[in-house]
Each structure stands twice: as C-alpha cells, then as structure tokens.
Amino acid sequence: MSITHLAKLENIGLHFGQRVILHDVSLEVYPQSVLTLIGPNGAGKSTLLKILLGLQKPDSGSVWRQPDLRIGYVPQKFHLDRLLPLTVERFIGLNLWRHDAAAVRLSAEEVGVQALLPQAVQSLSGGELQRVLLARALLNQPQLLVLDEPGQGVDVSGLSELYQLITRLKQKHGYGVVMVSHDLHLVMAATDQVLCLNQHICCSGQPEAVSRHPEYLRLFGDARAAGFAVYTHHHDHQHDIHGCVVPLPTDGEEQRHG
Amino acid sequence: MDDFIGRALLAGLAVVLMSGVLGVFLLWRRMAYFGDTLSHSALLGVAIGLMTGTSMNLWIMLVCALVALLMLYVQNNPALGSDTVLGIIGHSALALGTVALTFLPNVRVDLMAYLFGDILAVTPFDIALTWGLTVLVVGVMVWLWRPLLSLSVHAELAQVEGVKVWWVSATYMLLIALMVAVAMKVVGVLLLTALLIIPAATARRFARTPEQMVVFAVLLGVVALLAGMGLSLQMDTPTGPSIVVAASGLFLLTQVISQRST
C-alpha cells in the first residue's frame, strides 16, 4: 500500500435489510486531489462518505485511513436547534479544547465569513451556513476534506465562487477532497476524478471521460454539450434534448437565455 | 424558620442546581421525552426497594441507569422507532411499579409522595446524598461540557472531530439517572421532567451563550423553588406541583414580557 494515500476503501458492501445500499465500491483518496461522487438520489453517496469517515461500518470490505488523519467534514444536513444560543464564532471553534479566537478568525477570513462571527448560527442564510461549516472544517488544518453537497442552499452566483474557494484553498493547504455534488457542470472543472455511483460504481475516471461514458449518459442524459456551455457561461440549462447533440453556442446568443 | 422548611430548601437548592445544568442539554438534544421515561421508571426502583427491604435510592439509580443504557441502545438503532419504544419502556415501568406496590401488605405506601414528591419530608441523610450527587453531577458536567455541547450541536461532526460520542452520551444519561433518584423527593416522578425543561426553556429568552443559559436556568429554578414553597406553605398546596406551577408561571410571564418588548 502506497503511503501517498490519505484513505482507501476496498470492496465496500452495505445493505439495510434486503436493500442493497453499496456493492463492491472501492476508492482511493490522495492529497491535493479532488474526488467527486455523483449519482442519483439514494445512490449511497452520503453513506459512502460516512463509511470513509468511520461514522458507519460497512458489512464487507475494508476501510483504511492514514493514522491520525486530520479530517474536516461538512455534513449534508445541518440544523441547529433554536433553543441553543450559539454564535458563529463559538460554533467554528467548538472542536477546540480551549477556545482560540485568533485561529477562529483566521479560518473565518479564509472563507470570507469574518463579518458573521458575532451572529447567531440560526440567523445565517443557506449560503452563509455552508461557508461557516467550511470554516469549521478548515480550522483543524485538515489533510482530508469531506464535503457532503457543499453547494446546497447556495444561490447560483455563489455556487461557482464556493467551488473556486475550495479549489484555491486546496492549493494553499494541500488537502485532499472527497465531495458529493449535484452541481455537475460546476464541479467538473475543479475535479481530478469523478466517481459515478449508483449502489455500485457505474464508472469512474477523469471528468471528460466520465461525462462521455455510456453509464453516465444513461443516468444523467446527454449533458455533455449543455455542460460545456454552462461551464464557460456559468448558467444552467435544463432544456436538454435526449440523445441529441446540442450544438455549441458560437456567439453570445446562448447567454441571453440563462 | 422551621427545621423542615430549612431542610426542604437545602435539598431543593441542590436539585435545581443539578436540573439546571442537566436540563439545558435535554432541550438542545430534544430529549424531553427521555427525561419522562427515565423518571417514570424510577417507580419500579421504588417498588423493588420496598419489596426487598433494601436501599430504595440504590434501586432507583440501578433501574434508571439500566433504562438509560437501554435507551442509548434504542437511539443507536433507529429502526426501532425511538419515541414508541421510550413510551413503552417508561409507562410499563411506571405501571409495573404501581402494581407491584399494591402487593406489599405490610407496608403503608404513600403513592402520592412518589408521584408528586414530598420535599417537606426530606431527612438529613437525603440532604447529604443530594448535595453529594450535586457535586458529582456538576463536576462531571464541567468536565464533559465541551464534548457534550459539540455533540448536541451535531453528533456526526463531533465524532469526526474526535469526540467519543457514545461515552459522552452514556455518561450524560447516567447523570440524569442519578439525579432522578434524589430529585424524585422534590417533585415526584411525574413532574420531574418539568423541573429539567421549564427553567431551561425560560432561560433561553435571556441567554446569548450556552453557559449563560445554564446560569439563568439555575437562577430561575431557585426562584421557582422559593415561590413554589412559599405558595405551598401559604395555601397548603402540595409542594412539588406548586414548584412546577411557579416555574410554568415564570415561563409564561417571560413569554408575555419578551413579546411586548419586540
């Protein structure tokens, strides 16, 4: 086993009762590299992350993490009870044994939420919350960042900014990233490897290869051409024609209906 | 001041101190029902203690600790439907305890004292035990404060960040089990949860940090205790329920005031 791995899953299998959640899934995570999990709802993406994090035990297969691996985690569903009075500052530093205001501020500045520090966590918007969660994940200088749909609740303009931020900080901190994302077109650019999951691994590889893979096309339709357009113009196209190759926009005409 | 009133106050103060510290987490973790289940089960401990002629306190703690561990197991197995299971455990234990008590021909059992408390009858031994436990509970809670707060905010996030979630959770639940044994004398098994959650819920209005909420919960608990005991002595009402009435009154009052001010 190469020591360059941060973590490695081998032949993971899991079922709840009769229902197969995951079947024979393997993956490797490297430093400075982004692995994106895509797949339809109920494909087992979040569950796979939980197995990687050690929150869930698989029925079969092996889980290996580098000893004392520092992990930053942004969970999929975060809701803080209104009855718990907590400021953003306290929330970000919650895992510290002793509160360290300077470290919290530094982490908040990295993701641009320093102005939110004195606010109550419950008052945050969806986009602000995701950034605050990211700030908390970064506080411990993680070697591995595990993000479960980091773009949820973030508006379209903030979305590409968020993914750019994750990529930019990757260069600075050198962490590896494993994330689940539905924002295919935005994530593809910053991703080194895509893993298309539907209980089993449908296909995996570099983004361009995966987006042409028949299994991928079967699951998501032919988003290739639209993905290309959105990629450069940063707006989503839902009016995809199945099976048809949508011609690439040659001028600004396509941008007008975003 | 009469001796029994002084004793009642001493025991009551210790109990509201404990319930303030423990109660806020019951709210934050949405575990109010857990408190009910645990305190209802205490009656089974009472019955076993009386039937075997051994220490009642010990049996209450044992039964509650066992129920707490059972509930921890249920929590980790969501397939069982935790609300339902908690309801079944708590009410079964309460019913079983009550039924068992009627099989004690030679003991005159004052069921009301167990159900609604009998703070005016606390003995010096009770006070010593209550304060001993209070020191233990508050000490452990100070020690557990950060990890427990962290897992109350988000359990999985806490676990990824290195919090031993199961152990911290289990310890917290066992502390409540210990508290039930002594708090029972103050408000009884039926109203015990009220003492845990009402002052804490009232405190939320004033608190800006988790720590402030605990301090306010304790202070409000003390006010409710004094007001409730005053009411009880003046009007000759049962003390435990009077304390809970006072706590509820405070809650309502703060709701009205804070609504006016906004």
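1. Interface of chains A and B. In this predicted model, 18 residues of chain A are in contact with 20 residues of chain B (contact: C-beta atoms, placed from the backbone, within 7 Å). On the chain A side, strand E5 (71-74) and helix H2 (88-92) are the elements that give two or more residues (DSSP runs, H or I of at least four residues for helices, E of at least two for strands, numbered from the N terminus). By class, this side has 14 nonpolar, 2 polar and 2 charged residues. Nonpolar covers Ala, Val, Leu, Ile, Met, Phe, Trp, Tyr, Cys and Pro; charged covers Asp, Glu, Lys and Arg; the others, Gly among them, are polar.

2. His79(A) lies between E5 and H2 of chain A. His79(A) is exposed because 9 other C-beta atoms lie within 10 Å (exposed: 12 or fewer; buried: 20 or more; partly exposed: in between). Its C-alpha is 29 Å from that of Leu6(A), 73 residues apart along the chain.

3. Helix H4 of chain A. H4 (residues 126-139) reaches 20 Å from first C-alpha to last, close to the 20 Å expected (1.5 Å times one less than the number of residues). Of its 14 residues, 12 are buried, including Leu129(A), Arg131(A) and Arg136(A). The cover includes E5, H2, helix H3 (101-111), strand E6 (144-148) and helix H5 (156-173) of chain A. Just after H4(A), Gln141(A) takes a positive phi of about 50°.

4. Conventions. Residues are numbered from 1 along each chain as its sequence is written, with chains lettered from A and ligands numbered from 1 in the order written. Local features need pLDDT of at least 70 and side-chain atom pairs count only at pLDDT 80 or more, while totals for chains, interfaces and linings use all residues.

Key:
Contact = placed C-beta atoms within 7 Å.
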